[in-house]
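Hi,

Here is the structure I promised to pass on. Have a look, and my notes follow below.

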Amino acid sequence: MELSLFVMCILTVVSMASANPIIDEEWEIWKQSYAKSYPRVEEDQARRAVWLENLVKIAAHNAQYSQGNSTYEMSMNQFGDLTPVEFVQLYTDARIYEMANYMDEALLDVEVEELEEVEEVGALPRSVDWSQTDLVGKVQNQGPCLSCYAFGAIGALEGQLAKRTQQYKELSVQNVIDCSDKYKNYGCQGGIPYRAFQYIRDNGIESSKSYPYKAKKNTECLFSSSKSVTTIKGFRRIKHYEDKNLAEMVASVGPIAVIIHSSHPSWMFYKSGIYDNDECNIKHIDHVVLLVGYVDLHPKGYWIIKNSWGPNWGEDGYMRLIKGKNMCGINYSASYPVI
């Protein structure tokens, strides 16, 4: 079937959707799968219309993918009832770009090093994947809280702690959300990894068992120094680096926090493959993820990133992002703690 004919067929289904029992059944299955419910019939129908529009976009993209015109596949997931505007408001933080450029006291501290270059590590391995080791924990879901900065920082720290102790320990993201306000993070309204590192350096951090994740900010900081499981000496950050610098960091250090642009609609429903989209704007940084590895392939290869949108998104919560193109601004800023 020609692509245009395929899309026309999908659009025909949409036009008949109000009386289509197959669509109704799929809508009910989707709601059950993601525990979605809407108290009013009008709201249910409005969300169904959004879900259906997203379903059409996914089908149209996957038709391109099946013909070899795209390097990644999309699928319906927990974001299906959100418009692109709502998704951006709920899951991305446009202030990250501004915060990453703001030279505040966190970057003037004597224990902080802002690196222009990364130390050479010799011949780089062709592939690195820390997610296959004890340095990386399970994929988690940040939920209705702009806490990606805390997940990125904690993920990088968990990796460094596991390297030091030879044992993985899950640390508290909630601790950072509740307690790093004085370091100019904003709880569930966003933040930046290096400010989380500064808080942990000055105070320590609890485990996730003693300070569990709530997907919302508590009214007060509940941190107890007697329950702290580790602290750090400082952190390192590198900005505007080349692919080789970033690969050296990942290979020699371990998982690191990076900031990227994720508000393009295709990010909502990424399922698998190597993400390569020239519309992923490198000037609109708005999300933090954990960079856990890379694979070098001719001519470019790909990065491996761990997200905090749950295992139903992407490749069990991960994305492969094309190397060599500064895709989604991944070359902009990376940081990790020093313990």
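Which cysteine forms a disulfide with cysteine 179? The partner is cysteine 221, with the two sulfur atoms 2.0 Å apart; a disulfide here is a pair of cysteine sulfur atoms within 2.5 Å. This pair links distant parts of the chain, from helix α7 to the loop between α8 and β4 (234-239), 42 residues apart. (Helices are DSSP runs of H or I with at least four residues, strands are E runs of at least two, and both are numbered from the N terminus.)

Before you dig in: this is a predicted model, where local features need pLDDT of at least 70 and side-chain atom pairs count only at pLDDT 80 or more, while totals for chains, interfaces and linings use all residues. Residues are numbered from 1 along each chain as its sequence is written, and side-chain values use heavy atoms, leaving out hydrogens and water.

Back to the cysteines: the count comes to 3 disulfides. Cysteine 145 and cysteine 188 make another one, with sulfurs 2.0 Å apart. The torsion about that S-S bond is about -90°, so the link is left-handed. By contrast, the link of cysteine 179 and cysteine 221 is right-handed, at 95°. Cysteine 280 and cysteine 328 are also joined, at 2.1 Å, and their link is right-handed with 115° about the S-S bond.

As for accessibility, cysteine 179 is buried at 10%, whereas cysteine 221 is partly exposed at 37% (buried is under 20% relative accessible area, exposed over 50%, partly exposed in between, with a 1.4 Å probe and protein chains only). Cysteine 148 is in no disulfide, and at 4% cysteine 148 counts as buried.

Cheers
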